[in-house]
Amino acid sequence: IQLEGTTDGNSHPSHIHNNSAAEGGGIAVDFKPIDGATGISRTTIRQLNDETAITYDELLDFNGYVNVHLSSAELGTLIAQGDIGGNALTDQSVQYPLNSVSDPGISGTVTFAQRKSGATLVTIELTGTTAGNSHPSHIHNNTAAEGGGIAVDFKPIAGATGISKTTIRTLNDATPVTYDDLINFNG
């Protein structure tokens, strides 16, 4: 790992976690701490923390993400994060406007971004939301004018930030769904 902006005297724990950053997951691999003076950590990986062997090629396709923490005393404070392996994003994405409906002060966008695995990172960004509120969001079947049942649930939108990030691999009924399926979905 090589970071810019670290400070001499600091040490930053870092790990590979299971799943995408949007989903969250347990620690799969611990790295050697990042030296604040250099911003560098070098770790040879032959196995996961549970002693499952892993090859270089398997790690390149691993369903995971990297977290870098401020310090071992402040693991709740992330200073860097990134999806890896099958969760890495491709250059394919589509963005749609989200227009206000019942509150004229709230609007934004939803972005569908393709992951290397074919899954989709859905990012909702709203303006006008307020701290302390949480807003459920979904993809419904059919057009907005027609209406329809919920096909996919997203993580709730945090009122403080107006943001929700969800990795989608299946519809709510467990039907597998790819990025291409979602951008062509009748919803």
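Biologist: Which side chain meets that of Glu23 in a salt bridge?

Modeller: A salt bridge is a side-chain nitrogen of Lys or Arg within 4 Å of a carboxyl oxygen of Asp or Glu. Here the partner of Glu23 is Arg169, at 2.6 Å from N to O. Glu23 sits in the loop between strands E2 (14–18) and E3 (27–30), and Arg169 in the loop between strand E14 (163–168) and helix H2 (179–183), so the pair ties together parts 146 residues apart in sequence. Helices (H or I, at least four residues) and strands (E, at least two) are DSSP runs, numbered from the N terminus.

This is a predicted model: local features need pLDDT of at least 70, side-chain atom pairs count only at pLDDT 80 or more, and totals for chains, interfaces and linings use all residues. Residues are numbered from 1 along each chain as its sequence is written, and side-chain values use heavy atoms, with hydrogens and water left out.

Biologist: How many salt bridges does a search of the whole structure find?

Modeller: Three. One of them joins Asp61 and Lys116 at 3.2 Å, N to O. Asp61 is in the loop between helix H1 (56–60) and strand E5 (63–69), and Lys116 in the loop between strands E8 (107–115) and E9 (120–127), 55 residues apart. Asp83 and Arg115 also meet, at 3.0 Å, N to O.
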